[in-house]
Amino acid sequence: MALYVHSPDEEGEWRPGAASNWWLHRSLEQLAAALHAKGGALVIRCGPATEQLLDVARDTGARQVFWNRLYDPALVARDTQLKARLWEAGLTCESFNSALLFEPWEIRTGQGGPYRVFTPFWRACQQQLDALPAPQPAPDRIPAPSKAVAGLGLAELDLLPRIRWDRGLCAAWTPGETGALARVETFCDSAMDKYDEGRNRPDHAWSSRLSPHLHFGELSPRQCLATVHNALADHEGARKSAEAFVRELGWREFAHHLLHHFPATTNAPLDARFEQFPWSPDDALLRAWQRGRTGYPIVDAGMRELWATGWMHNRVRMVVASLLTKNLRQHWLEGARWFWDTLVDASLANNTLGWQWTAGCGADAAPYFRIFNPVLQAERYDPARTYIRRWIPEIARLPDGYVHRPWLAPARVLATAGVQLGRDYPQPLVDFPASRNAALSAYATIKAPGPPAP
DNA sequence: TTTTGAGTTGTTCGA
DNA sequence: GTCGAACAACTCAAA
């Protein structure tokens with residue numbers, strides 16, 4: 001018998017957000033249907049996991065409990081206690097790794113410690129990739145519970161939004177294992193061979209979009225690996241792109257490695273000097289960024305894509321995060337919390353790594369001068385302006401030369417395109433060169449102090 | 001212990 | 001337009 005226990009209170013401050021809940025509902029719906037089709041059933045419960053599990057075990061007479069491990073710090077603590085309580089109650093427990101290629105504690109430096117830099121971490125992983133066991137096929141039949149077990153209806157979990165803001169999500173995604181397998185097949189067939197370059201292009205569907213499926217366990221990274229290897233046999237020319245794709249799986253591993261070894265980084269910078277960083281909290285700036293009204297088209301396009309579909313292209317994530325933390329000087333946690341609520345692939349490990357990396361306070365020594373120029377990034381990665389025009393229709397009629405920087409358009413051009421800056425589309429919230437220099441100065445204030453005074 | 005090479009994804013400036 | 005250098009110095013990981 002399969003059991004899902006809904007217990008967001010046990011996830012503390014980082015309980016799943018609205019977009020994650022939408023996905024979860026759809027995914028559970030699919031899972032229940034898939035189990036039913038094989039003769040089984042999904043029992044849904046709500047409440048503290050330990051009590052619910054003990055209760056279900058009493059009802060069913062179950063002797064053994066199996067699950068796949070989770071890695072968010074609050075859930076590790078919960079599941080450790082859970083396992084002890086179940087053993088005390090006479091149940092046999094066994095947990096497995098399905099979510100990751102390697103357990104976060106398995107990969108160690110020569111000194112036995114955790115890695116803080118991706119490249120050596122990934123080199124160490126690569127030496128063990130070939131030894132990974134191949135994924136096993138799912139069973140054909142799943143036995144039904146021997147007697148009826150009380151459970152909730154999915155709707156009782158109250159996961160779907162009350163007002164229908166989820167239409168864009170419905171159109172963009174197919175949650176569930178079937179959708180996940182279809183996505184990975186489509187990716188291998190149509191985009192994998194150009195992934196090395198294509199993954200940077202928000203104007204095309206050339207990234208894998210597997211992140212929410214991976215996050216919800218509908219697909220495992222070992223399955224991804226196996227599928228990619230099979231596809232490689234067909235066209236050898238894609239080797240470089242396949243490596244790039246597998247390396248992205250490696251980043252996911254690295255994020256979990258860091259979260260395991262530095263669990264406080266969900267809320268505090270890994271680089272302690274950043275405790276002193278002169279952030280400049282401003283609700284109006286934050287809100288404009290959230291709503292896609294910064295005046296920088298590539299940023300606003302990304303924020304609107306996120307709001308509409310629950311997802312944003314990774315290249316654009318970096319650009320919007322750089323603008324928020326560096327040019328607008330808003331705390332990276334504000335960005336992390338917004339992503340947490342709006343992303344269907346919100347993952348504590350990946351979200352924490354991404355935001356700390358962009359803010360410069362994370363694991364890799366991100367050089368202080370890495371501040372994305374939203375105009376250059378837009379021209380490089382949205383050369384035909386299709387991404388901007390799709391998400392910012394109010395400036396779509398501007399000629400190519402001004403779509404990425406409407407504030408430079410002469411009055412006559414704006415008038416012809418029917419755009420009045422400040423009314424139809426905002427002026428930039430900040431001047432890029434000035435805010436860039438201000439950010440560089442702010443970084444200088446927290447640089448390593450000189451030698452200690454005598 | 002010391003040394004050495006290197007570090008996801010960038011931008012700007014000047015030749 | 002293109003290209004290479006500069007942008008600080010530091011920390012990490014391995015030899």
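In the predicted model, the contact between helices α12 and α13 is formed by I298, V299, G302 and M303 on the α12 side and by V316, R317, V319, V320 and L323 on the α13 side. By residue class, this contact divides into 7 nonpolar, 1 polar and 1 charged. Helix α12 covers residues 297–309 and helix α13 covers residues 314–327. Two packed helices are described by the angle between their axes and the distance between the axes. For α12 and α13, the angle is about 115 degrees and the axes lie 9 Å apart. Angles of 65 to 115 degrees count as roughly perpendicular, and α12 and α13 are therefore assigned to that class. The crossing of α12 past α13 is left-handed.

Two arginines in loops have a positive phi. For R209, phi is near 55 degrees, a positive value in a residue other than glycine. R209 is located in the loop between α7 (195–198) and α8 (211–215). Because 20 other C-beta atoms lie within 10 Å, R209 is classed as buried; the cut-off for this class is 20 or more. For R385, phi is near 65 degrees, again a positive value in a residue other than glycine. R385 belongs to the loop between α16 (374–381) and α17 (386–391). R385 has 22 C-beta neighbours inside 10 Å and therefore also counts as buried.

E185 is part of helix α6, which spans residues 177–190. With 12 C-beta neighbours inside 10 Å, E185 counts as exposed, since the class takes in residues with 12 or fewer such neighbours. The C-alpha atom of E185 is separated by 9.0 Å from that of A231, a residue 46 positions away along the chain. K83 is part of helix α3, which spans residues 73–88. For K83, 17 other C-beta atoms lie within 10 Å, so this lysine is partly exposed. The C-alpha atoms of K83 and V65 are separated by 9.3 Å, with the two residues 18 apart along the chain.

As to confidence, chain A has an average pLDDT of 94, and 98% of the residues score at least 70. Over residues 450–454, the pLDDT is below 50.

Terms used
Residues numbered from 1 in each chain as written. Chains lettered and ligands numbered in written order. Predicted model: local features only at pLDDT ≥ 70, side-chain atom pairs only at ≥ 80, totals over all residues. Axes fitted to C-alpha atoms, helices over the stretch in contact; angles between N-to-C directions. Helix = DSSP H or I, 4+ residues; strand = E, 2+ residues; numbered from the N terminus. Parallel < 35°, antiparallel > 145°, perpendicular 65-115°, else oblique. Left-handed = near helix turned anticlockwise from the far one by under 90°. Contact = placed C-beta atoms within 7 Å. Nonpolar A, V, L, I, M, F, W, Y, C, P; charged D, E, K, R; others polar. pLDDT = per-residue confidence, 0-100.
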